Amino acid sequence: MWISRDGRTAHRITDHPADDDHPLWSPDGRHLAFLSDRNRSAALWTVAIRDGQAADEPVRVKEGTLRLLGWTTRGLAYPESVRTDDIYTVPVDPSNGEIGGSARLIPYRRTGQNIVPEWSPDGKYLAFVSSSPAERDRRAVVLLPSDGSEPREFPTPAQQLWDLRWFGDSRGLGITGHDARGERTLFRLTLATGEWKTFPLPATAPGMVWNGMHFDWNADGRRYFYAWQDALTDSDFTIVERDLQSDRERIVFRGSVKSFNTCCSM
């Protein structure tokens, strides 16, 4: 609503069943910015004003739940939070565990979407998963050599990631996550061939999303170990070994849930 300074004239600026709020005048009085949830989504809108009335239909400027800071000489100002995931390395003295320098961003061309770092057992590679901010669904496992040579990239079929682990002999690695159909899957990569193989993970009950997702490999990647619990209460916590060639399993350890933090035990 626009009201003249003397209070004698009033005009409705917007007429929409949505919630239009937080109006803010431009310095020259020719535009009014406001927040609205019209079109079924929160967004920033502006409307041109002439003689105290809307001169045209409102224009959507920016999607999202925003907080207006004010107008500047160049336009509107608002805060925006952007999440970034990056990996840093720091030198550590192996004799006493003390930090010996400052943390440094890893020397990799793409930043902002690098997650789940894991050193190879032989110390030759830092493995992590990277994706482009513009294409978050397209991910690659990156091997960054510790000697400073060029990184190797292996596009991964995983659509959603959970964990990354190396074979004990450093000749391959694997990740747990979801495939394109949303099925819980183990993805195994052999470095010599660059070939991915997929293995379905055991089905789990609702509420037990982490079941089978925390895992580790044996020496050559033919067997892996995963954590399992049958229910959130009144169920033992179990570590299971599965042979990928025979698909046979054996229980390696079973213990009371009272003794373990089941979300993070592996």
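Start by selecting Glu-63 and Arg-60: their side chains meet in a salt bridge, 2.9 Å from N to O (a salt bridge here is a side-chain nitrogen of Lys or Arg within 4 Å of a carboxyl oxygen of Asp or Glu). Both ends are partly exposed, Glu-63 at 38% relative accessibility and Arg-60 at 42% (buried is under 20% relative accessible area, exposed over 50%, partly exposed in between, with a 1.4 Å probe and protein chains only).

Some housekeeping. This is a predicted model, where local features need pLDDT of at least 70, side-chain atom pairs count only at pLDDT 80 or more, and totals for chains, interfaces and linings use all residues. Residues are numbered from 1 along each chain as its sequence is written, and side-chain values use heavy atoms, leaving out hydrogens and water.

Now colour by pLDDT (the predictor's confidence in each residue, from 0 to 100). The protein averages 86, and 92% of the residues score at least 70.

β20 pairs with β21 (residues 223-229) over 3 bridges; click Asp-216 and you'll find its bridge partner, Phe-225, in β21.

Next, select Leu-143, Leu-173, Ile-175 and Trp-196. Of the 15 residues in the largest nonpolar core, these touch the most other members (a core is a set of buried Ala, Val, Leu, Ile, Met, Phe, Trp, Tyr and Cys residues joined through side-chain atoms within 4.5 Å). The largest share of this core, 3 residues, comes from β16. Another core, of 12 residues, lies apart from it and includes Trp-217 and Trp-228.

Back to charges: there are 11 salt bridges in the count. Pick Asp-20 and Arg-38, whose closest N and O atoms are 2.6 Å apart. This pair links distant parts of the chain, 18 residues apart. Asp-20 is partly exposed at 25%, while Arg-38 is buried at 8%.

Last stop: Arg-250 and Glu-241 meet at 2.5 Å, N to O. Here Arg-250 is partly exposed at 47% and Glu-241 is buried at 7%.

Key
Two strands pair if DSSP finds at least two bridges between them. Helices (H or I, at least four residues) and strands (E, at least two) are DSSP runs, numbered from the N terminus.
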